[in-house]
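Trainee: Before I use the labels in this entry, I would like to know what stands behind them. Can we go through them one at a time?

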Amino acid sequence: MASEDDEEKAGGTADAQPAVDPQVAAAVAAAEAAGPQSGESVRIDSWIWAVRLVKTRSMGATACKGGHVRVNGQNVKPSHSLRVGDEVRLRQENRERIVIVKRLIRKRVGAPVAIQCYVDNSPPPPPREAVAPAGIRDRGTGRPTKRDRRELERLRGIMGGGAERPHGR
């Protein structure tokens, strides 16, 4: 306790909150009011929908049934009860989201409020490939010739770049 008193005298507190937008604060208060009462639980499919990890609750239930949602390392059913502090792993679209539950909510809320309901420990998404689209041709040029097709394959790296084939007859 003495260390906390010393910090308060020094001007810093252990629970210092950054300045919050009043609209976000009002939305957080509304989300807490809509949350479960003490002793009640929240379903996992409902929670991942409420914090905007999936677009619909049925998508959340489908992800649970398909084995794409794990809570504390265990595959769960859509009706699994969630608690504060649980680690939720959601696999979707070639990416795994890893979040720690900070607040339980039932109703879907805005994105700024939803972010405050979990801690995101997900690895960064894989970089998008900076490859030019291969199938786009000028309008009216017609079908690619055999030579055009081979050049496209050589550019894409298909057929080993074409270096192995002799060019003479």
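Mentor: Start with the surface: the accessible surface of the chain is about 12,500 Å², and carbon and sulfur atoms hold 51% of that. Keep in mind that the model is predicted. Of the 169 residues in the chain, 25% are buried.

Trainee: What does the secondary structure of the chain come to?

Mentor: There are 6 helices and 7 strands. Read from the N terminus, the order is α-α-β-α-α-β-β-β-β-β-α-β-α. As for contacts with a separation of 6 or more, 47% join residues 24 or more positions apart.

Trainee: Why is the pair aspartate 45 and arginine 57 called a salt bridge?

Mentor: The N to O distance between the two side chains is 3.4 Å. The cut-off is 4 Å between a side-chain nitrogen of Lys or Arg and a carboxyl oxygen of Asp or Glu, so the pair qualifies. Aspartate 45 sits in helix α3 (residues 44-50) and arginine 57 in helix α4 (residues 57-65), 12 residues apart, and the pair links distant parts of the chain. Arg43 joins Asp45 and Arg57 in a network of salt bridges.

Trainee: What makes aspartate 45 buried, and how is arginine 57 classed?

Mentor: Aspartate 45 has a relative accessible area of 2%, and buried means under 20%, so the label holds. Arginine 57 has 37%, which lies between 20% and 50%, and therefore counts as partly exposed.

Trainee: How many salt bridges does a search of the whole structure find?

Mentor: It finds 7. One of them joins the side chains of arginine 147 and glutamate 151, at 3.7 Å from N to O. That value is within 4 Å, so this pair also passes. Both residues lie in helix α6 (residues 146-156), 4 residues apart, about one turn of the helix.

Trainee: Which label do glutamate 87 and arginine 89 get?

Mentor: Their side chains meet in a salt bridge of 3.4 Å, N to O. Glutamate 87 is at 24% and arginine 89 at 25%. Buried requires a value under 20%, so both are partly exposed.

Trainee: How do you know that arginine 97 is buried?

Mentor: Its relative accessible area is 13%, under the 20% limit, so arginine 97 is buried. Arginine 97 lies in strand β6 (residues 95-101).

Trainee: What makes the approach of arginine 97 to aspartate 120 a polar contact?

Mentor: The two side chains are 3.2 Å apart in that contact. The limit for a pair of N or O atoms is 3.5 Å, so the distance is within it. Beyond four places in sequence, arginine 97 is in contact with Leu53, Val88, Arg89, Leu90, Tyr118, Asp120 and Ser122.

Trainee: Where is histidine 68, and which label does its accessibility give?

Mentor: Histidine 68 is in the loop between α4 and β2 (69-71). At 32% it falls between 20% and 50%, so histidine 68 is partly exposed. Not counting residues up to four places away, histidine 68 touches Ala63, Arg89, Leu90 and Arg91. The C-alpha atoms of histidine 68 and glutamine 92 are separated by 7.3 Å, with the two residues 24 apart along the chain.

Technical notes. Residues numbered from 1 in each chain as written. Predicted model: local features only at pLDDT ≥ 70, side-chain atom pairs only at ≥ 80, totals over all residues. Heavy atoms only, no water. Helix = DSSP H or I, 4+ residues; strand = E, 2+ residues; numbered from the N terminus. Buried < 20%, exposed > 50% of the residue type's maximum accessible area, 1.4 Å probe, protein only. Contact = heavy atoms within 4.5 Å. Areas by Shrake-Rupley, 256 points an atom, 1.4 Å probe, with all protein chains shown as cover. Polar contact = N/O pair within 3.5 Å; in protein donor to acceptor, adjacent residues only side chain to side chain.
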